[in-house]
Amino acid sequence: MQLYTYYRSTSSYRVRIALALKGLDVAALPINLIAPSGGEHRQAAYLAINPQGRVPVLRTEEGELLIQSPAIIEYLEERYPQVPLLSRDLAARARERGIAAVIGCDVHPLHNVSVLNKLRQWGHDEPQVVEWIGNWVSQGLATVEQLIGDKGYCFGAEPGLADVYLIPQLYAAERFAISLEAYPRIRRVAALAAVHPAFIKAHPANQPDTP
């Protein structure tokens, strides 16, 4: 498999974690989103791979091109069910997917670089942009803090789908200087992930395109 990725992209980070947790080998194909020429994701060669011009994209072993991290992670879960990311219990699976949706649907899209650049184009100054980011990230983390468990990872002794989404969001929170002081459960999960080989392997600091 091949993964078109960018080291700092939280959606790419999710997929890298899922691949690492499942022990799957993948060749990283870095796409520079901030290249001086305007970003490799805007070039015709990449738009032929993903017309949306975003990362990640997974090229499967069969040569299929899959876009959007939720769809890619669902594919990996169904195609490679060993080391499952979801519980067997239906209600538990829904709770795990709920955390993923809070982050993937309600938080991350609102601080995506395209949204932030549009705010700047509309005349919002940098303090307003920073306030925007802090508002949505803090709201999302406050919700997650109330929904996850008191022991282990988000929902137990082993990491799963909720952790796959949460840890990259915490990386973004760190980038934007958002404190985690009010979230002891989240801090517990972060501490566990910090020493887990799969999360270490997937971390932005350990990617081939990390500056």
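Trainee: In what order do the four strands of the open sheet run?
Mentor: The order is β2-β1-β3-β4, and the pairing is mixed. Before we go on: this is a predicted model, where local features need pLDDT of at least 70, side-chain atom pairs count only at pLDDT 80 or more, and totals for chains, interfaces and linings use all residues. Residues are numbered from 1 along each chain as its sequence is written, and side-chain values use heavy atoms, with hydrogens and water left out.

Trainee: What counts as a strand or a helix, and when do two strands pair?
Mentor: Both are DSSP runs, numbered from the N terminus: helices are H or I with at least four residues, strands are E with at least two. Two strands pair if DSSP finds at least two bridges between them.

Trainee: Which strands stand at the edges?
Mentor: β2 and β4 (65-67). Each has a single partner strand, so one side of each is left without a neighbour in the sheet.

Trainee: How much are neighbouring strands turned against each other?
Mentor: By 20° on average, direction ignored. Axes here are lines fitted to C-alpha atoms, for helices over the stretch in contact, and angles run from 0 to 180 degrees between N-to-C directions.

Trainee: Which helix packs on the sheet, touching β3 and β4?
Mentor: Helix α3, residues 69-79. Its direction makes about 125° with that of β4.

Trainee: Back to β1 and β2. In what sense do they pair?
Mentor: Parallel, over four bridges, with β1 at residues 2-5 and β2 at 27-30. Leu 3 stands opposite Ala 28 in β2. The chain gets from β1 to β2 through helix α1 (residues 10-21), in a right-handed β-α-β crossover. Right-handed means that, with the strands pointing away from the viewer, the path from the first strand over the helix to the second runs clockwise.

Trainee: New topic. How many aromatic pairs are there?
Mentor: Five in the whole structure. One of them is Tyr 6 with Tyr 7: centres 5.0 Å apart, planes at 65°, so edge-to-face. The rule: rings of Phe, Tyr and Trp (its six-membered ring) pair if their centres lie within 6.5 Å; planes under 30 degrees apart count as stacked, over 60 as edge-to-face and the rest as tilted.

Trainee: Are Tyr 6 and Tyr 7 buried or exposed?
Mentor: Tyr 6 is buried at 6% relative accessibility, and Tyr 7 is buried at 11%. Buried means under 20% relative accessible area, exposed over 50%, partly exposed in between (1.4 Å probe, protein chains only).

Trainee: Where do Trp 132 and Trp 136 lie?
Mentor: Both are in helix α6 (residues 126-147), four residues apart, about one turn of the helix. Trp 132 is partly exposed at 27%, and Trp 136 is partly exposed at 28%.

Trainee: And Leu 141, buried or exposed?
Mentor: Buried, at 1%. Leu 141 also lies in α6. Leaving aside neighbours within four places in sequence, its contacts (heavy atoms within 4.5 Å) include Leu 166, Leu 170 and Ile 186.

Trainee: How do α7 and α8 pack?
Mentor: α7 (residues 161-175) and α8 (residues 184-194) pack at about 95°, with axes 10 Å apart. They are therefore roughly perpendicular. Angles of 65 to 115 degrees count as that, under 35 as roughly parallel, over 145 as roughly antiparallel and the rest as oblique.
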